[in-house]
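Hello,

Here is the structure you asked about. My notes on it are below the display.

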Amino acid sequence: MTPETLLAHYDSGALWPASGAASANGDVPGAYQTALAVRALRQARGEVPRGYKIGFTNRNIWAHYNVFGPIWGTVWSTTLAFCGGDGSVSLDHCAQPRIEPEAVLGLRATPAPDASLDDLFDAIDWVAPGFEIVQSHQPDWKFNAAQTVADSALHARLLVGPQRPVREFASSAAELDQHLAAARVTLLRDGELVEQGKGANVLEGPLSALHYFLKELRACPGAPDLMPGDVVTTGTWTNAWPVQAGQRWSADFDAPLSRLSVTFT
């Protein structure tokens, strides 16, 4: 699976062939270099990086997916959308799409070197509810960690809801961490309860997930740093649930986040 082949499958939504999956069955550091090569191809054709997604921060789902540690990938101008709380997302060319309710952080500055939680707080502008639509080009969502990294970290779409400045409700990293970790979410499909989750599911909280990710990003050779204006989606508070066109999903988040709804087309 060359970077060109991986990108072709991403664009078409076609699943990987068994032979290709075997060739992507390498080590995780090598998979990140492959993913960065795909990133370069996407930039060359005009797509603009808009931030990052962090995946598998929810330890409750590690055994289910056979991935036992967080991963990360790029969010793009072509995959990112904002709404006031009620949006729509096309599933065209998505491979086995699933939905994840998450907290999304917006940066106002590049975090300091060896950033502490307090440094991260200084670099964050806003927080918002989000739906990441993830996908897998491996049949039946059966993969290993290296394959998920090579597969664009499973990222397909990101819908971001109302943005709330963090300094409206928190004056420190500890206060922000406490609010986000304690918040809960109720996920509904066409008005029916699907699952409930909480912010503490993602490495003890979204701010902790960002802290972990930043260290991993800066340890990866060739990976671009976080930039002012980037968004970072910090991992699902529930399991990832299959979605299809025609469905309407909602997530009722506790404060400081708010309700987010999406209709799939």
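Predicted model: local features only at pLDDT ≥ 70, side-chain atom pairs only at ≥ 80, totals over all residues.

Residues are numbered from 1 along each chain as its sequence is written, and side-chain values use heavy atoms, with hydrogens and water left out.

Overall

The protein has 8 helices and 14 strands; helices (H or I, at least four residues) and strands (E, at least two) are DSSP runs, numbered from the N terminus. Along the principal axes, the C-alpha atoms fill a box of roughly 50 × 45 × 35 Å.

Of the 265 residues, 56% are buried. Buried means under 20% relative accessible area, exposed means over 50%, and partly exposed is in between (1.4 Å probe, protein chains only). Among contacts with a separation of 6 or more, 76% join residues 24 or more positions apart; a contact means heavy atoms within 4.5 Å.

The accessible surface is about 10500 Å², and carbon and sulfur atoms hold 52% of that surface. Accessible areas come from the Shrake-Rupley method with a 1.4 Å probe; for residues, only the protein chains shown count as cover.

Helix H7

Helix H7 covers residues 173-182, and its buried residues are Ala173, Leu176, Asp177, Leu180 and Ala181. These residues are on the same side of H7 because they cover an arc of only 120° around the axis. The arc is that of the directions from the helix axis to the C-beta atoms. An α-helix has 3.6 residues a turn, so residues three or four places apart point the same way. The buried residues of H7 pack against strand S5 (98-107), helix H5 (117-123), strand S6 (124-134) and helix H8 (206-219). On the face turned away from the buried side, H7 carries exposed Ala174, Gln178 and Ala182.

Valine 38 is in helix H3 (residues 28-44) and counts as buried at 5% relative accessibility. Leaving aside neighbours within four places in sequence, valine 38 is in contact with Pro3, Leu6 and Leu7.

Histidine 211 is in helix H8 and is buried, with a relative accessible area of 19%. Not counting residues up to four places away in sequence, histidine 211 touches Ala115, Ser116, Leu117 and Leu120. Between valine 38 and histidine 211 there are 173 residues in sequence and 25 Å in space, C-alpha to C-alpha.

Backbone points

Most residues other than glycine have a negative phi, and most peptide bonds are trans. The peptide bond from alanine 255 to proline 256 is cis, with omega near 15°. Proline 256 is in the loop between strand S13 (248-253) and strand S14 (260-264).

Aspartate 140 has a positive phi, near 60°. Aspartate 140 lies in the loop between S6 and helix H6 (145-150) and is exposed, at 59% relative accessibility. Leucine 154 also has a positive phi, of about 70°. Leucine 154 is in the loop between H6 and strand S7 (155-160) and is buried, with a relative accessible area of 4%.

Regards
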